[in-house]
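Me: I'd like to go through this protein with you, one piece at a time. Could you keep the answers plain?

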Amino acid sequence: MTDVPAPIEAFDPEAIEAARKLFAGPITFLRSAPALQHLPDPVVPEIAFAGRSNVGKSSLLNALTGRNSLARTSVTPGRTQELNFFDVGDPLRFRLVDMPGYGFAKAPKDVVRKWRYLVNDYLRGRVVLKRTLVLIDSRHGIKDVDREVLGMLDKAAVSYRVVLTKADKIKASELAAVYEATVAEARKRPAAHPEVLATSSEKGMGIPELRAAVVESID
């Protein structure tokens, strides 16, 4: 089994357990928003998930929430074309926002343009957005298309954190190299959290820490 590199920061066991209990509680799909006028009222904190279309975003959301089908997974990358909102907690504590994947070359250009406008406008203008989690495939590291998104978040002063996905798919030595390179890049960026989390939806690695990081960002 591939070991996930441990971030310098340490999550308190109590914080990890509290986050586990929260994510084990009620989580329900609220709505899909194909345009900004369909967004829910900004009444609670929101955590957004961004990433390339084949980065494993839906699988990570399912692992994070302990549900098999909360977020739809598909063999065809780029199926998520709207902002999908999920309510967490009863009473409601916060919302998870599954954003359309970016960088999917096979989508028609007008569709890609629509996705870009929707995502950019949401990220720049949502007052209750506490943090964006930018997912990066461990097998590939940060690509130019990812840097475009990171640059946009930096420019808009939107707090974000880089999360490596599919950490079980490469050798430990390769993962360590990608992890260190990703941390180095994140620490150069003004809006990025200085620590990176490496995760595996399939193996469950890094998932407890990611839950704690999500809860930490809304408190």
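Me: To start with strand β3, residues 83-88, how many of its residues are buried?
Reply: Please keep in mind that this is a predicted model. In it, strand β3 is mostly covered, since six of its six residues are buried.

Me: And which residues sit on which side of β3?
Reply: On one side there are L83, F85 and D87, and on the other there are N84, F86 and V88, all of them buried, which leaves both faces of β3 covered. As a general point, the side chains in a regular strand alternate between the two faces of the sheet.

Me: Let's take V88, then: what is its relative accessible area?
Reply: V88, which is found in strand β3, has a relative accessible area of 0%, so it counts as buried, the cut-off being under 20%.

Me: What is V88 in contact with, if I skip its close neighbours in sequence?
Reply: Leaving aside the neighbours within four places in sequence, V88 is in contact with L22, P26, I27, R93, F94 and L96.

Me: Which strands does β3 join up with, and do they run parallel or antiparallel?
Reply: β3 is joined to β1 by six bridges, and these two strands run antiparallel; five bridges join β3 to strand β4, residues 94-98, and this pair runs antiparallel as well. N84 shows both pairings, as S32 stands opposite N84, and the bridge partner of N84 in β4 is D98.

Me: What about the hairpin of β3 and β4, how many residues are between the strands?
Reply: There are five residues between the strands of that hairpin, and G89 takes a positive phi near 95° there.

Me: Zooming out, in what order do the strands form the sheet?
Reply: Seven strands form an open sheet in the order β1-β3-β4-β2-β5-β6-β7, and the pairing is mixed. The strands at the edges are β1 (27-33) and β7 (197-198), and each has a single partner strand, so one side of each is left without a neighbour in the sheet.

Me: How do β6 and β7 pair?
Reply: Strand β6, residues 160-165, pairs with β7 in the parallel sense over two bridges, and the bridge partner of L164 in β7 is A198.

Me: Which helix packs on the sheet by touching β5 and β6?
Reply: That is helix α4, residues 144-156, and the direction of α4 makes about 165° with that of β5 (129-137).

Me: How does α4 pack with α3?
Reply: Helix α3, residues 109-125, and α4 pack at an angle of about 35°, with their axes 10 Å apart, and the crossing is right-handed. In this contact R116, N120, L123 and R124 of α3 meet E148, M152, L153 and A156 of α4, and by class there are four nonpolar, one polar and three charged residues.

Me: Last topic, the whole protein: how many helices and strands are there, and what is the pattern along the sequence?
Reply: The secondary structure comes to six helices and seven strands, and read along the sequence they follow the pattern α-β-β-α-β-β-α-β-α-β-α-β-α.

Me: And what share of the residues counts as buried?
Reply: Of the 219 residues, 53% count as buried, while the protein exposes about 10,600 Å², of which carbon and sulfur atoms supply 51%.

Note on methods: Residues numbered from 1 in each chain as written. Predicted model: local features only at pLDDT ≥ 70, side-chain atom pairs only at ≥ 80, totals over all residues. Heavy atoms only, no water. Pairing = 2+ DSSP bridges. Helix = DSSP H or I, 4+ residues; strand = E, 2+ residues; numbered from the N terminus. Contact = heavy atoms within 4.5 Å. Axes fitted to C-alpha atoms, helices over the stretch in contact; angles between N-to-C directions. Buried < 20%, exposed > 50% of the residue type's maximum accessible area, 1.4 Å probe, protein only. Areas by Shrake-Rupley, 256 points an atom, 1.4 Å probe, with all protein chains shown as cover. Left-handed = near helix turned anticlockwise from the far one by under 90°. Nonpolar A, V, L, I, M, F, W, Y, C, P; charged D, E, K, R; others polar.
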